[in-house]
Amino acid sequence: MTHPEMTVDEVIALLSHCDGSAPVRQAMNPFFPMAHRLAQVVQSVDETGREVVYFAEGRDEDTQLGHLPPEVAVALAWQGPVQAPPCRPRRTAGGK
């Protein structure tokens, strides 16, 4: 990303590498990572007169889909990778 805020052109470029039939979801809240369905794209003008595009979630009860998959939270650097604890050697019959 070359700007402090991602531009429409940057989003289009990133999405051009994705499966066009895949659903689009929004990842929100790095401290409690959840996935949400997008329902609308709205273009407006911000307080400085700049054109801005908003992705909005829907109003339906099922708009929030649940927790983000761990690999998504890791890719966003919202959490570190979780590794299983190392395996300890098993005990054998006879106490050795």
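These legends describe views of one predicted protein model. Local features need pLDDT of at least 70, side-chain atom pairs count only at pLDDT 80 or more, and totals for chains, interfaces and linings use all residues. Residues are numbered from 1 along each chain as its sequence is written, and side-chain values use heavy atoms, with hydrogens and water left out.

**View 1. Helices and strands of the protein chain.** The protein chain holds two helices and four strands. Their order along the sequence is α-β-β-β-β-α. Helices (H or I, at least four residues) and strands (E, at least two) are DSSP runs, numbered from the N terminus.

**View 2. Extent of the chain.** The C-alpha atoms fill a box of roughly 80 × 35 × 30 Å along the principal axes. Of the contacts with a separation of 6 or more, 41% join residues 24 or more positions apart. Contact means heavy atoms within 4.5 Å.

**View 3. Surface and burial.** Of the 96 residues, 14% count as buried. Buried means under 20% relative accessible area, exposed over 50%, partly exposed in between (1.4 Å probe, protein chains only). The chain exposes about 8,600 Å², with carbon and sulfur atoms supplying 57% of that area. Accessible areas come from the Shrake-Rupley method with a 1.4 Å probe.

**View 4. L14 in helix α1.** L14 lies in helix α1, which spans residues 8-15. L14 is exposed, at a relative accessible area of 54%. From L14 to R88 is 74 residues in sequence and 44 Å in space, C-alpha to C-alpha.
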